[in-house]
Amino acid sequence: MTVPSSRLPLSRQQSKDPTQSDPKNQSKSTTVEKKMLSVKTSGTAAAISCSHFLSPRSFSPTALNLRHFKPHSSHRSIKMSAEQIVEHVVLFKAKPDADPSKLNAMINNLNSLTSLNQVVHLSSGPLIRDRSSSFSFTHILHSRYKSKSDLADYSAHPSHVSVVKQYVLPMVDDIMAIDWVPTDFSGPSGVPPGSAMRVTFLKLKENLGENEKSQVLSAVGGIIEKFPGIQQLTVGENFSPGRAKGFSIASIAVFKGVENLEALESQTELANEQKEKVKDFLDGVVVVDYAVLPTQSASL
């Protein structure tokens, strides 16, 4: 969620910052706010075992309480196989003592941004699982745009800036964001409600050459041929390094539903085969699973 420094409406500027009363919390909020507002940071992520890269563990999705989330309405049937698409993924780590009702408000307000003209697709909600031992992300925002300029306009839009400052920053301890243009995008631009997604971020070892990077991109892009349950796969290189914690390659695998994602558990041999192709090139892997909120979620 790349948010340039933008001035809020006067009413927002005058609102009281909930962290001001506690200098310690204020410091933490300021740190996160710098990340959300695209202030370039130099933090690096600890190396993560690549055992999660397409390496299904026992899959036991946590029960999601969806009754307080508003219906997801951003799915569009636009076909963009011959056009560019820009992927934008933000991972959030909610504060341990975050009020559940305020987290619900955060998600609902993030999902409301689908009404912005620049947005082709947007969905936000709690993760099914964060499979990355070095991070403890809890929520995700995934959105798509027709161009990098549309993503920039979305980031600078007053509605987006307001949601970030009023609903997101007070609720999170950490964020990670990656943007990429898929090397070979095909299929619908929207991810249907009820679909499941596996989002993977890869951190390459330092001083790798273009040949090794190409091998990683090729291996990740080739998984759609190995796993028929994947309905859509996008792969590309991150172009927003400031908040990516050193991760530079990203992919999204879309499945019809959680049960199809779960079916990966029976394909360990194929997963290991793909891992072997790239493990020597990686310093870290982040893998999260997410179910796009169904349209009927508000009535559950």
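1. A friendly start with the rings: the count of aromatic pairs comes to three, where rings of Phe, Tyr and Trp (its six-membered ring) pair if their centres lie within 6.5 Å. One of them joins Phe 135 and Phe 137, a stacked pair with 5.3 Å centre to centre and 15° between the planes; stacked stands for planes under 30 degrees apart, edge-to-face for over 60, and tilted for the rest.

2. Before going on, please keep in mind that this is a predicted model, in which local features need pLDDT of at least 70 and side-chain atom pairs count only at pLDDT 80 or more, while totals for chains, interfaces and linings use all residues. Residues are numbered from 1 along each chain as its sequence is written, and side-chain values use heavy atoms, with hydrogens and water left out.

3. Back to the rings: Phe 135 and Phe 247 have ring centres 6.3 Å apart and planes at 70°, so this pair is edge-to-face. The pair links distant parts of the chain, 112 residues apart: Phe 135 lies in the loop between strand 2 and strand 3, and Phe 247 in the loop between strand 6 and strand 7 (249–255). Phe 135, Phe 137 and Phe 247 form one aromatic cluster.

4. How buried are these rings? Phe 135 has 11% relative accessibility and so counts as buried (under 20% relative accessible area, with a 1.4 Å probe and protein chains only). Phe 247 is buried at 2%, and Phe 137 is buried too.

5. Next, the sheet. Eight strands form an open, antiparallel sheet in the order 4-1-3-2-8-5-7-6; strands are DSSP E runs of at least two residues, helices H or I runs of at least four, numbered from the N terminus, and two strands pair if DSSP finds at least two bridges between them. Strand 4 (172–180) and strand 6 (230–237) stand at the edges with a single partner strand each, so one side of each has no neighbour in the sheet. The twist averages 25° from one strand to the next.

6. Within that sheet, strand 5 (residues 196–204) pairs with strand 8 (residues 282–291) over nine antiparallel bridges, and Ala 196 stands opposite Ala 291.

7. Finally, the helices. The axes of helix 3 (residues 100–112) and helix 5 (residues 158–168) come within 9 Å and cross at roughly 175°, the axes being lines fitted to C-alpha atoms over the stretch in contact, with angles from 0 to 180 degrees between N-to-C directions. Helix 3 is therefore roughly antiparallel to helix 5 (over 145 degrees).

Technical notes: Angles under 35 degrees count as roughly parallel, over 145 as roughly antiparallel, 65 to 115 as roughly perpendicular and the rest as oblique. Buried means under 20% relative accessible area, exposed over 50%, partly exposed in between (1.4 Å probe, protein chains only).
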